[in-house]
Structures are given as structure tokens and as C-alpha cells.
Amino acid sequence: MTEYQFMKPYTFANGARLQNRIVMAPVTTQSSFFDGTVSNDEVKFYQMRSGVGMIIAEVANINKEGKGFEGELSVAEDRFIPGLSKLANAIHLKGSKAVLQIFDAGRKTNRQILRGIQPRSASAVAPHRNPDEVPRELTDDEIEQVIADFGAATLRAVKAGFDGVEIHGANTYLLQQFFSPHSNRRTDKWGGNIEKRMNFIKALIAEVRRVVAKYAPADFIVGYRFSPEELSNPGIRIADTLKLVAMLSEQPIDYLHSSMGDRKRTSLLNKDDQEELNHKILTVIDERKPLIEVGSVQTPTDAEMALNEGATLVAMGRELLREPNWVEKVRLGDEKSIRYMISPADMDLLGLPGGLQRELRTGFLDAMNFTDQKTKNFRHQFGQMEGFGG
Ligand SMILES: Cc1cc2nc3c(=O)[nH]c(=O)nc-3n(C[C@H](O)[C@H](O)[C@H](O)COP(=O)(O)O)c2cc1C
């Protein structure tokens with residue numbers, strides 16, 4: 001039987017110990033109740049995937065105005081804590097650490113989802129893919145409130161029994177909107193130059209950390225996810241992201257997580273530069289923080305390669321939808337039975353909730369390896385597209 005590095009335990013600097021180095025990437029199931037309460041389908045979905053080192057549970061909104069899509073999980077009020085506890089327990093079933101991804105969608109939502117309320121963002125600039133939905137600019141007091149909401153959400157995650165939170169700074173949601181020169185045109189302390197466009201992120205990490213220091217055990221994990229590039233003009237370029245990564249490497253966080261559809265990808269905008277983005281990111285981190293890499297990892301060989309190339313932990317999204325027992329099969333030396341394709345007929349059997357099934361059969365039809373489809377775009381450029389759902 002092959003002895004893979006990714007099957008070895010990993011201990012974070014704060015003492016949190018993972019039973020192996022495989023992480024389940026956050027995958028929204030779009031199957032919470034109308035108000036954001038955890039559904040039993042979601043509980044079952046996570047129970048079936050416990051066994052990896054750490055599961056980053058799907059993104060949860062930290063306030064009502066930050067809701068990004070229907071069926072979204074919420075950590076915005078105390079009444080959601082009992083449901084979130086069930087989710088954390090489900091993840092713990094076979095020893096996985098439970099991390100909750102927390103976010104505010106900012107302008108990446110619309111008035112239907114917000115029940116008539118206008119979306120808000122760093123500045124009143126519409127997303128380039130949705131020019132009709134112009135957000136309003138957040139006031140200074142509202143920005144402070146959003147930061148406090150992230151802190152309150154962290155406390156709820158602690159109370160619900162999660163082992164950590166991941167601050168969702170990727171996929172063009174509010175944190176990225178503050179960092180992006182496209183969505184942030186402010187001239188106050190929250191914008192103007194790249195340093196100031198990072199102030200929201202810094203203030204938010206400080207608040208989350210304050211709450212963790214006061215209420216959570218010492219080994220509570222705080223992670224940060226970011227997307228390396230934007231296609232809009234102006235937009236985030238890799239040079240900006242490397243400054244962000246340098247800043248994050250000095251922050252009180254436990255890991256960084258680069259959001260990509262292909263962990264080996266190079267710049268989408270500068271085709272002359274063939275250096276892999278994760279290589280550039282690792283060079284800047286310079287071993288100051290663990291890095292989670294994600295994107296088109298399917299086989300044990302893919303996962304091992306990620307670690308050999310410098311990743312500390314390797315995350316999988318779509319592959320763990322197709323194969324909930326991936327880690328268990330590797331442990332048993334039963335790799336030949338790992339599924340790399342998915343039959344539409346097996347989606348119930350695999351515990352995929354209804355909202356997720358619908359999404360996979362529409363938005364992700366070309367990117368899932370369905371047995372009845374020709375996969376066209378498996379190495380999907382997630383996190384680069386304004387239209388991406390999670
Ligand atoms: C159906 C679906 C839902 C997703 N939901 C989220 C999410 O809630 N938060 C997030 O940061 N990324 C989300 N992602 C992106 C994944 O975390 C991951 O980065 C992406 O799927 C690439 O990894 P993979 O090639 O292993 O699937 C989602 C992806 C899929 C396919």
C-alpha cells in the first residue's frame with residue numbers, strides 16, 4: 001500500500017491537530033431553509049463526508065443584507081446555533097475538524113434575494129457582469145457594523161461547536177470588493193490606494209481574533225480564503241494579490257487558502273507569465289503560514305503532488321461530491337474503487353441535497369464529470385468569475 005504524506009496528521013501552530021491533510025473545500029449545497037436554518041439534508045451530506053482532516057462547511061451569511069443566494073446557510077442570529085451545532089457534530093462524526101466559512105456577499109446579490117433591499121458594497125459601482133444592479137455605498141458606521149457582525153458570527157460558530165472559521169475573502173464577495181480597485185473607489189480610510197483597500201480586511205481579522213481570544217479554545221482555527229485575480233478592468237492583478245498575501249502572512253491567522261479551479265494554473269491575464277500562481281504565493285508566504293491549495297485535485301497522486309510542490313494541505317470540492325469515502329478508500333488500499341465520474345442516478349445515494357443536485361445539473365453540468373455528459377471544462381476557473389455561486 002502506498003504511504004502517502006497526505007494521510008499523515010498535521011498540527012497547526014496553535015495546536016489544532018488534523019488526522020490527515022485532506023480538506024473538504026467549502027461547497028454550498030443551497031439547501032438550507034428559506035431563513036438560513038440548517039436542513040437535515042445538509043447534516044446528512046456532511047456526515048457522509050466526515051473522515052478528511054478538516055471540512056470547511058459551506059459559506060454562511062453573517063447578516064441579512066449580506067445574503068448572496070437562496071438556500072444559503074446563515075450564522076447571522078443566535079436562533080441558528082442549534083442547527084449549526086448539528087452540522088458541527090455531523091462533521092466530527094469520523095474525526096474531521098469543523099470550520100465554518102463566513103461571509104457577506106456585498107454587491108454580489110440582488111434585490112430579489114434581499115426581498116426588495118438594494119445591495120450595498122464598498123462603493124456604488126455595479127459588478128461588470130451585472131451592470132443593472134448598482135449597489136449603494138456603505139457608510140462608515142455600517143462598515144463598523146459589518147466588522148462587528150463578523151465577530152458575532154465567530155462567537156456563534158464557537159458556541160455551535162465549530163473548531164474554526166474561514167473568512168471568505170474570495171470569489172468577489174464583500175471582502176474582495178473592498179480590496180478590488182473595481183468595486184472600491186472610496187477616498188476615506190477604507191480606500192484610495194492598495195494599503196487602504198486592505199484596511200477592511202485587517203480590521204475584520206482583528207475583530208475575529210478578539211472574539212476568538214476571549215471566547216474560543218486556544219486551538220480554534222482562523223483561516224482566510226482569497227482569489228488571486230479578477231477579469232474586470234480595473235481589477236485585482238497578481239501583483240496586488242502578492243501584496244495581500246504578504247500582509248496576510250503577518251496577520252494572526254492560522255492558514256491561507258487560495259481559491260482556484262485548477263491549483264496549477266498560471267495568470268489568466270498575463271499569458272506571457274507561465275509561473276504557477278501558487279508558486280508565486282508560496283514564495284511570498286515564505287513558510288510563515290500554511291497554505292491550502294485547491295482546484296481539480298482528484299486522484300491520490302494529484303493530492304500528493306500538491307504537497308510535494310509546497311502546499312501544506314490540499315482541498316477537494318467536486319471530487320468529494322462524487323466520492324464521499326475518498327480518504328477511507330485510500331486508507332484501505334482500495335483506490336481502484338474511487339469514483340471520478342458521477343451518474344445522475346447516484347446523486348441521492350451520495351447524499352447530495354436537492355439544491356446542490358439542481359446546481360450541479362445546471363451551472364456545473366460541464367464541470368462535474370457526469371456519466372451522461374461530455375466534460376468540457378473540468379479545470380474550471382472558479383473564483384475568477386463574477387457569476388460564480390459560492
Ligand atoms: C457546487 C459548488 C459550490 C461551491 N460553494 C463554495 C462556497 O460556498 N464557498 C467557496 O469559497 N467556494 C465554493 N465553491 C468552490 C470550491 O470551494 C472549490 O474552490 C472549487 O470547486 C474548486 O475545487 P475542485 O476542483 O476540487 O472542485 C463551490 C464549488 C462548487 C462546485
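I started with Glu-323, which is buried at 1% relative accessibility. Here buried means under 20% relative accessible area, exposed means over 50%, and partly exposed is in between (1.4 Å probe, protein chains only).

Ground rules next. I am reading a predicted model, where local features need pLDDT of at least 70, side-chain atom pairs count only at pLDDT 80 or more, and totals for chains, interfaces and linings use all residues. Residues are numbered from 1 along each chain as its sequence is written, and side-chain values use heavy atoms, with hydrogens and water left out.

**Entry 1: the partner of Glu-323**

I looked for the partner of Glu-323 and found Arg-339, in a salt bridge of 3.8 Å from N to O. A salt bridge is a side-chain nitrogen of Lys or Arg within 4 Å of a carboxyl oxygen of Asp or Glu. Glu-323 sits in the loop between α10 and α11 (326-331), and Arg-339 in the loop between α11 and α12 (354-360), so the pair ties together parts that are 16 residues apart in sequence. Helices (H or I, at least four residues) and strands (E, at least two) are DSSP runs, numbered from the N terminus. Arg-339 is partly exposed, with a relative accessible area of 30%.

**Entry 2: the domains**

I noted domain 1 (5-340) and domain 2 (346-390). Their bounds come from an automatic or database domain assignment. The C-alpha centres of the two domains lie 19 Å apart. Domain 1 gives 42 residues to the contact and domain 2 gives 30. Contact means heavy atoms within 4.5 Å.

How much area is buried between domain 1 and domain 2? I read about 2,800 Å², with carbon and sulfur atoms giving 50% of this area. Buried area is the accessible area (1.4 Å probe) that two parts lose on being put together, summed over both.

**Entry 3: across the interface**

I found one salt bridge across the interface of domain 1 and domain 2. Arg-339 also pairs with Asp-346 in a salt bridge, at 3.4 Å from N to O.

I then looked up polar contacts: ten residue pairs between domain 1 and domain 2, both residues at pLDDT 80 or more. A polar contact is a pair of N or O atoms within 3.5 Å; within protein, one must be able to donate a hydrogen and the other to accept it, and residues adjacent in sequence count only if both atoms are side-chain atoms.

On the side of domain 1 that touches domain 2, α1 (40-47) and α10 (318-322) are the elements that give two or more residues. The largest share, four residues, comes from α1.

I searched the whole structure and got 28 salt bridges. In one of them, Asp-104 and Arg-120 have their closest N and O atoms 2.8 Å apart. Asp-104 lies in the loop between β6 (97-103) and β7 (120-121), while Arg-120 is in strand β7, so the pair ties together parts that are 16 residues apart in sequence. Asp-104 and Arg-120 are both buried.

Lys-264 and Glu-276 meet in another, at 3.0 Å from N to O. Are Lys-264 and Glu-276 buried or partly exposed? Lys-264 is partly exposed at 26% relative accessible area, and Glu-276 is partly exposed at 22%. A network of salt bridges links Arg-263, Lys-264, Glu-276, Glu-293 and Glu-309.

**Entry 4: Ser-50**

I ended at Ser-50, in the loop between α1 and β4 (54-61). Ser-50 is buried, with a relative accessible area of 5%. Leaving out residues up to four places away in sequence, Ser-50 touches residues including Ile-55, His-92 and Ser-96.
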